[in-house]
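Visitor: I would like to learn how to read a model like this one. Please take me through it feature by feature.

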Amino acid sequence: MFATTETRTGLVEAGPDAVAQARRLSSLMRAEHLSFAATGGPGWTRYRPRERATRVYDATPTVTRYPEETSRRIWRDLRFGALDLID
């Protein structure tokens, strides 16, 4: 998202196709985040608990039902307090 594909990620070693794909995805994510900040709309259907439409950023980005439903159910009733962060 921050156009840092060459910053010690190991991505460059994966080859030019991987770098190009990462740049496209980074550009898309940045554009969608900026659009959301400017308009309040992410560019896809608003999230509703029944549908759980979720943007999935992958080689081919899609909007689909939340893909980690099992994990969501495991964690849904757990609440976490503030972390005690020490300098």
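Visitor: Which residues line the largest pocket?

Guide: First, the ground rules. This is a predicted model, where local features need pLDDT of at least 70, side-chain atom pairs count only at pLDDT 80 or more, and totals for chains, interfaces and linings use all residues. Residues are numbered from 1 along each chain as its sequence is written, and side-chain values use heavy atoms, with hydrogens and water left out. A pocket is an open set of points on a 1 Å grid over the protein atoms alone, where a 1.4 Å probe fits, with protein on both sides within 12 Å along at least five of seven lines; lining residues have an atom within 4 Å of a point. Here the lining is E32, H33, F36, G40, P42, W44, T45, R46, Y47, A53 and Y57.

Visitor: What volume does the largest pocket have?

Guide: A volume is the space filled by probe spheres set on the grid points, joined across faces, edges and corners. For the largest pocket that is about 260 Å³.

Visitor: Which helix gives the most to the lining?

Guide: Helices are DSSP runs of H or I, at least four residues; strands are runs of E, at least two; both are numbered from the N terminus. Helix 1 (residues 16-39) gives the most, with 3 residues.

Visitor: What pattern does the chain follow?

Guide: Along the sequence, the pattern is α-β-β-α.

Visitor: How do the strands run?

Guide: Two strands pair if DSSP finds at least two bridges between them. Strand 1 (residues 53-56) and strand 2 (residues 62-65) run antiparallel, joined by 4 bridges. R55 has V63 as its bridge partner in strand 2. The two strands form a hairpin with 5 residues between them.
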